[in-house]
Amino acid sequence: MNEKSKKQKSMEAIPGEWKKLNSKGILEFQNITRILNRYYTAFTAEEKKTNTQKFREEISYANPDNLEIFAKKFGVYEYLIYCEILENKEKVKSDTWIHIDGIAEERDVFMTKEILSHPVFNIICMLDIFKECETISDLKEMTV
């Protein structure tokens with residue numbers, strides 16, 4: 001199976017609309033990823049990290065110009081993330097994972113309690129990034 005076929009199969013796994021993160025969204029997503037990486041590193045020994053964990057570490061510090069990140073919302077707080085690191089003209093690394101937006105979930109909890117002054121409302125989350133993304137109407141629009 002060639003790279004394009006693998007990508008399309010991976011991207012079509014969950015029904016819904018794909019959105020492509022803009023440059024601001026990529027920077028914000030990298031920041032979220034760095035924070036999550038620091039958290040998970042506290043509980044995972046280096047030799048036990050999965051390839052996806054290592055990939056997320058890579059994207060958190062990659063040059064944003066070399067990243068393409070796509071997201072698909074498929075639950076209240078769940079997103080399917082597809083990310084590519086463009087290493088050079090011929091080599092692209094990619095991975096797919098599920099991101100659960102705990103910040104948006106916490107916001108909802110505080111909103112139901114009518115506590116609107118909590119600091120969680122000042123933290124950028126996946127929902128904020130997703131709202132600013134451009135919808136991809138066709139997978140062919142996505143680059144490889």
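Biologist: In which sense do β3 and β4 pair, and over how many bridges?
Modeller: This is a predicted model. In it, a hairpin joins β3 to β4 through five residues. The two strands pair in the antiparallel sense, and the number of bridges is nine.

Biologist: What pattern does the chain follow along the sequence?
Modeller: The chain has five helices and five strands. Read along the sequence, they give the pattern α-β-α-α-β-β-β-α-α-β.

Biologist: Which residues of helix α3 are buried, and why are they on the same side?
Modeller: Helix α3 runs over residues 51-61. An α-helix has 3.6 residues a turn, so residues three or four places apart point the same way. The buried residues of α3 are Q53, F55, R56, I59 and S60. They are on the same side of α3 because the arc they cover around the axis is only 160°.

Biologist: Against which helix do the buried residues of α4 pack?
Modeller: In α4 the buried residues are A104, R107 and F110. Their arc around the axis is only 120°, so they are on the same side of α4. The helix they pack against is α5.

Biologist: Which residues does L116 contact, leaving aside its neighbours within four places in sequence?
Modeller: L116 is also found in the loop between α4 and α5. With a relative accessible area of 60%, L116 is exposed. Its contacts, with those neighbours left aside, are M111 and F121.

Biologist: How far apart in sequence are the parts that the pair of E68 and K20 ties together?
Modeller: Side chains of opposite charge can pair when their charged atoms come close. E68 and K20 form a salt bridge, with the closest N and O atoms 3.3 Å apart. E68 lies in strand β2 and K20 in strand β1, so the parts tied together are separated in sequence by 48 residues.

Biologist: Which residues are linked in a network of salt bridges?
Modeller: The count of salt bridges comes to eight. K91 and E87 meet in one of them, at 3.4 Å from N to O. K93 and E87 meet in another, at 3.6 Å. The linked residues are E58, E87, K91 and K93.

Biologist: What do K91, E87 and K93 count as by relative accessibility?
Modeller: K91 has a relative accessible area of 45%. E87 stands at 34%, and K93 at 27%. These values fall between 20% and 50%, so K91, E87 and K93 count as partly exposed.

Biologist: How much accessible area does the nonpolar patch on the surface have?
Modeller: The patch is formed by L36, Y39, Y40 and F43. Y39 has its place in helix α2 and counts as partly exposed, at 48% relative accessibility. Together the four residues have an accessible area of about 440 Å².

Biologist: Among contacts between residues at least 6 apart in sequence, how many join residues at least 24 apart?
Modeller: The pair of E68 and K20 ties together parts 48 residues apart in sequence. Among contacts in the chain between residues at least 6 apart, the share that joins residues at least 24 apart is 60%.

Definitions and conventions: Residues numbered from 1 in each chain as written. Predicted model: local features only at pLDDT ≥ 70, side-chain atom pairs only at ≥ 80, totals over all residues. Heavy atoms only, no water. Buried < 20%, exposed > 50% of the residue type's maximum accessible area, 1.4 Å probe, protein only. Helix = DSSP H or I, 4+ residues; strand = E, 2+ residues; numbered from the N terminus. Arc of directions from axis to C-beta. Patch = residues over 30% accessible without salt bridge, like charges linked within 9 Å, V, L, I, M, F, W, Y side chains within 5 Å. Areas by Shrake-Rupley, 256 points an atom, 1.4 Å probe, with all protein chains shown as cover. Salt bridge = Lys/Arg side-chain N within 4 Å of Asp/Glu carboxyl O. Pairing = 2+ DSSP bridges. Contact = heavy atoms within 4.5 Å.
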